[in-house]
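Here are my notes on the model you passed along.

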Amino acid sequence: MAGIPQVSLSSCEKPMPVIGMGTSSYPPADLETAKTAILEAIKSGYRHFDTAFAYGSEKPLGEAIAEALRLGLIKSRDELFITTKLWCSFAQRDQIVPSCKMSLENLKLDYVDLYLIHWPVRLSEMIQKTPVVKEIIHPLDVKGVWEGMEECKNLGLTKAIGVSNFSCKKLEEVLSVAKIPPAINQVEMNPVWQQKQLREFCKTKGIHITAYSPLGANNTKWGDNRIIESEVLADIAKAREKTTAQVALRWAYEQGVSLVTKSYNKERMKENLQIFDWSLTGEELDKIAKLPQRKGVTLASILGPHDLVLQLDAET
Ligand SMILES: NC(=O)C1=CN([C@@H]2O[C@H](COP(=O)(O)OP(=O)(O)OC[C@H]3O[C@@H](n4cnc5c(N)ncnc54)[C@H](OP(=O)(O)O)[C@@H]3O)[C@@H](O)[C@H]2O)C=CC1
Ligand SMILES: O=C[C@H](O)[C@@H](O)[C@@H](O)[C@H](O)C(=O)O
């Protein structure tokens, strides 16, 4: 297996492996299933893991890390790059540090490598299921929340801080108040939602993009099968003796972003790492550039089609 390239992030001394294992599974995996899959991913060579308070995968990830250390698969926790995210129900100035500490407790870690604001919205209640009623959805206090994120970094609870699902407009708001600029914006990005405008903007601001759902989150509640069933991608895959998934992942990598993709299947998690020793041709890239575009993951599909949510989904 060719080695996994790394990227450096602003305000973070530790480099990040460009491919990470996602841990948002549908239907939600039980603790043992998730732990076993994550351990398998470590055995396969993954060193970057993406979790969130909302996924319920912090605990199994923490257990898998402890087990990997016990088994000697890794010598130190420092060999891993761990990302987790602030859930919307805790998106208030005084709740950020406690929330980060709660995630660290779930993970049984002293620090995470990256802490992200999960979505640019605040929920005034803890939720058990989605969609939610509109009364609990509020605009984000960007200044207060970002100050809390900066405090997490200054306290050493996280090496880097960033955001997720932020538009250019929301990023401008963060940048206007930030003492430490966001290192990353983690957003949906794949051949059928290429994010050209946002990528241009982030490049000029030194914000690195991580692509989530790079396979279109096929077979999940929040995604669809447009990528896995794309004839254009399948034709390229056939000609190159790769799989459609590998073509989609390689495309994202060639755009200069990092990516997090989830597989709890031993063969597919290995397959997804085989993207670093070949490249797409100019002609293949042109064909992919022409694919029809449509956002797959929307906040409205999670929280419900409320005005503020639809407005956030429509922002560029
Ligand atoms: N910040 C945010 O708001 C969001 C972040 N994320 C993060 O990004 C991660 C990845 O995105 P996700 O939405 O999971 O979607 P992905 O695009 O990574 O797709 C995951 C789906 O594809 C399947 N799959 C994986 N590899 C292959 C393959 N080689 N061939 C065919 N099917 C495959 C998986 O099934 P199987 O496991 O059976 O292989 C799973 O059903 C998440 O797990 C999460 O960590 C995701 C959504 C939103
Ligand atoms: O209800 C659906 C879930 O919240 C799903 O959309 C998320 O877990 C997603 O992967 C995310 O990171 O936001």
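**Notes on the model**

1. Start with serine 213, which is buried at a relative accessible area of 11% (buried means under 20%, exposed over 50%, partly exposed in between, using a 1.4 Å probe and protein chains only). Its phi is near 50°, a positive value in a residue other than glycine. Serine 213 belongs to the loop between strand S11 (208–212) and helix H7 (231–240). Helices (H or I, at least four residues) and strands (E, at least two) are DSSP runs numbered from the N terminus.

2. Some housekeeping before going further. This is a predicted model, where local features need pLDDT of at least 70, side-chain atom pairs count only at pLDDT 80 or more, and totals for chains, interfaces and linings use all residues. Residues are numbered from 1 along each chain as its sequence is written, chains are lettered from A and ligands numbered from 1 in the order in which they are written, and side-chain values use heavy atoms, with hydrogens and water left out.

3. You'll find asparagine 165 in the loop between strand S9 (158–164) and helix H5 (168–177), and at 16% relative accessibility it counts as buried. As background, most residues other than glycine have a negative phi, and most peptide bonds are trans.

4. Now the cis bonds. One joins tyrosine 26 and proline 27, with omega about -10°; proline 27 is in the loop between strand S3 (19–22) and helix H1 (31–44). Another joins threonine 130 and proline 131, with omega about -5°, and proline 131 sits in the loop between strand S7 (121–123) and strand S8 (137–139).

5. On to ligand 1. Which residues come nearest to ligand 1? Of the 30 residues around it, the nearest are Asp50, Leu215, Lys262, Ser263 and Arg268 (near means that a heavy atom of the residue lies within 4 Å). That shell divides into 11 nonpolar, 14 polar and 5 charged residues. For the classes, Ala, Val, Leu, Ile, Met, Phe, Trp, Tyr, Cys and Pro count as nonpolar, Asp, Glu, Lys and Arg as charged, and the others, Gly among them, as polar. Strand S12 (258–261) and helix H9 (266–271) each supply at least two residues of the shell.

6. A nitrogen atom of ligand 1 is 3.4 Å from a side-chain N or O atom of tyrosine 55. Taken alone, ligand 1 exposes 910 Å², and the protein buries 91% of that (Shrake-Rupley areas with a 1.4 Å probe; for residues, only the protein chains shown count as cover).

7. Tyrosine 55 turns up again at ligand 2, where a polar side-chain atom of this residue lies 2.4 Å from a ligand oxygen. Histidine 118 puts a polar side-chain atom 2.9 Å from an oxygen of ligand 2, and for tryptophan 119 the distance from a side-chain N or O atom to a ligand oxygen is 3.3 Å. The protein covers 82% of the 330 Å² of accessible area that ligand 2 has on its own. The shell of ligand 2 divides into 4 nonpolar, 3 polar and 1 charged.

8. The charged end of lysine 159 sits over the ring of tyrosine 111, at 4.4 Å from its centre. A charge sits over a ring if NZ of Lys or CZ of Arg is within 6 Å of the ring centre and within 35 degrees of the ring normal.

Definitions and conventions:
A polar contact is a pair of N or O atoms within 3.5 Å; within protein, one must be able to donate a hydrogen and the other to accept it, and residues adjacent in sequence count only if both atoms are side-chain atoms.
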